[in-house]
Amino acid sequence: SGGCIGRGCYDKPVVAKGFARSNIDSFKSFRTDDDAYKAERVERALEGRSSDPAPRIVSGSTSGKDSSLPALPYFGKGASSSTQLLSLLPSGIGLLYDPQIKRYTLAAGKSFESFLAPAPSKPIDPEFGPRGRSPIEKEKSLGLSSYLRFCLSGAICSGGAHFVLTPLDVVKTKVQTDAVKYPSVFGAFNTVYREEGFGTFFTGWAPTLVGFFVGGGILYTATEFLRRYLTELAGSSAVSLEVPIILIGAAAASFIGSFVICPFEAVRIRSVAQPNFADNIVGVLSRIVEEEGVFSLFSAIPVFLTKEIPFAMAKFTVFDLSTEFLYEEFPAAQEDLKLSLLVSLVGGTLGGVVAAIVSNPADTVISEMKKSSDGIGPIAACKTLLSRSGIPTLFTGLGLRMVFYAIMISLQFLAYDSIRFALGIGTDDLKLYLDVLGGALQQ
């Protein structure tokens, strides 16, 4: 009726919507099967974190294109790159500061979370939001070129730092080999300068530079390789085994490097303890080989290992744990090169002090063995030291070694990180990041 004709009289308007569905997306193209397995483990770990009964209130003003940037802890002027990225977040997603873990976490409003979460068993990752279940970052596979750059970085930082601190090393050796003539550190500096001249402070610089240049390259390269290999081997247990992995990697790398450094140290100690032994370093090496045999250069290996292995384990472990703590306390340091190098400097100082303490007894025994050509063994050298003043004799020169290695290791790690950044093998250079927009445009 009323002029109504056909289906228009009784059918309601129908609105149809169509959605395109691709066979592969940017996340699937980035993620491997192993990554998917890791993501499942992350989901299970997030179950406990997402069950927090405390409500999360996220205002739309905390994110989106019209939002203002939140004030993150930052040591410079202006916002960091991370804060600028917050404007890319959709409305309803924002940052909340978690005082327990002392960092900002990504949080979503209740309505937004319920809309995106496919099921209650799939919690939103408080760090990365709904997409947190898909890995957005993974370690880059390293080739020969990367490890050669690690080797160059370690060689320059180790050889250079030892060369610069040769005067301190000379005085340390003299205090350890002749405690009667050099009873104190400051007195030793004065006595050496007055009786032997300024040039004596650089005695043995050549074997020091060459030995630690080669040994440092091997040590740092082997440490980087072994830690990555052990981490991959540990799989999902790698996080809980962080400290054992550092210790094992440093110990194994130090074991290899000790066989390279030991001969050079034998030549250096002899040239410092007996200035008239030969005219130059080549002469010292030739005379030792002629009179004592080539194996005498390696006679201190057992004691050298008891010195270098604990030294390297303490150095790398304390450095890694202290810098990790500092980055957690000051997250902005990860985004600023100067602050990052400052963290390396502090971590290296702490690592050097601890390493000096644990390795001092073995260092004193080595100095006692190599100060003369008597062919004394490690056990006999240890007994000789203990017969003088007991156990405290094994810690002769500890104060100077603590200062020496605090400066030494801090300079090493500072130079190592600086050179790594310059050679393109810094921390961020060795990671692959998911390019969501780029991946989507390529589909």
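V284 is found in helix α10, residues 281-292, where helices are DSSP runs of H or I with at least four residues, strands are runs of E with at least two, and both are numbered from the N terminus. The model is predicted: local features need pLDDT of at least 70, side-chain atom pairs count only at pLDDT 80 or more, and totals for chains, interfaces and linings use all residues. Residues are numbered from 1 along each chain as its sequence is written, and side-chain values use heavy atoms, with hydrogens and water left out.

V284 has a relative accessible area of 3%, so it is classed as buried; buried means under 20%, exposed over 50% and partly exposed in between, with a 1.4 Å probe and protein chains only.

From the C-alpha atom of V282 to that of V267, 15 residues away along the chain, the separation is 9.1 Å.

## Helix α12: M369

M369 lies in helix α12, which covers residues 337-370. With a relative accessible area of 3%, M369 is buried. Its contacts, leaving aside neighbours within four places in sequence, are S299, A300, V303, I376, G377, P378 and A381. For V303, which is 66 residues from M369 along the chain, the C-alpha separation is 9.8 Å.

## The largest cavity

One cavity of 30 Å³ or more is counted. A cavity is a set of points, on a 1 Å grid over the protein atoms alone, where a 1.4 Å probe fits but cannot get out; lining residues have an atom within 4 Å of a point. Grid points are joined across faces, edges and corners, and a volume is the space filled by probe spheres set on the points. The largest cavity holds about 210 Å³. It is lined by 24 residues, of which H162, F212, I261, E308 and F311 are the closest to its centre.

Two or more lining residues come from each of α5 (144-164), α6 (166-177), α8 (205-234), α9 (242-273), α11 (301-329) and α14 (398-423). Helix α9 gives the largest share, six residues. Domain 1 (144-298) and domain 2 (310-431) each supply at least three lining residues, with bounds from an automatic or database domain assignment. The lining has eight nonpolar, eight polar and eight charged residues. Here Ala, Val, Leu, Ile, Met, Phe, Trp, Tyr, Cys and Pro count as nonpolar, Asp, Glu, Lys and Arg as charged, and the others, Gly among them, as polar.

## Whole protein

The protein has 15 helices and four strands. Of its 443 residues, 40% are buried. Among contacts between residues at least 6 apart in sequence, 72% join residues at least 24 apart.

The accessible surface comes to about 24,100 Å², and carbon and sulfur atoms account for 63% of it. Accessible areas come from the Shrake-Rupley method with a 1.4 Å probe, and for residues only the protein chains shown count as cover.

Methods:
Contact means heavy atoms within 4.5 Å. On a 1 Å grid over the protein atoms alone, a cavity is a set of points where a 1.4 Å probe fits but cannot get out, and a pocket is an open set with protein on both sides within 12 Å along at least five of seven lines; lining residues have an atom within 4 Å of a point.
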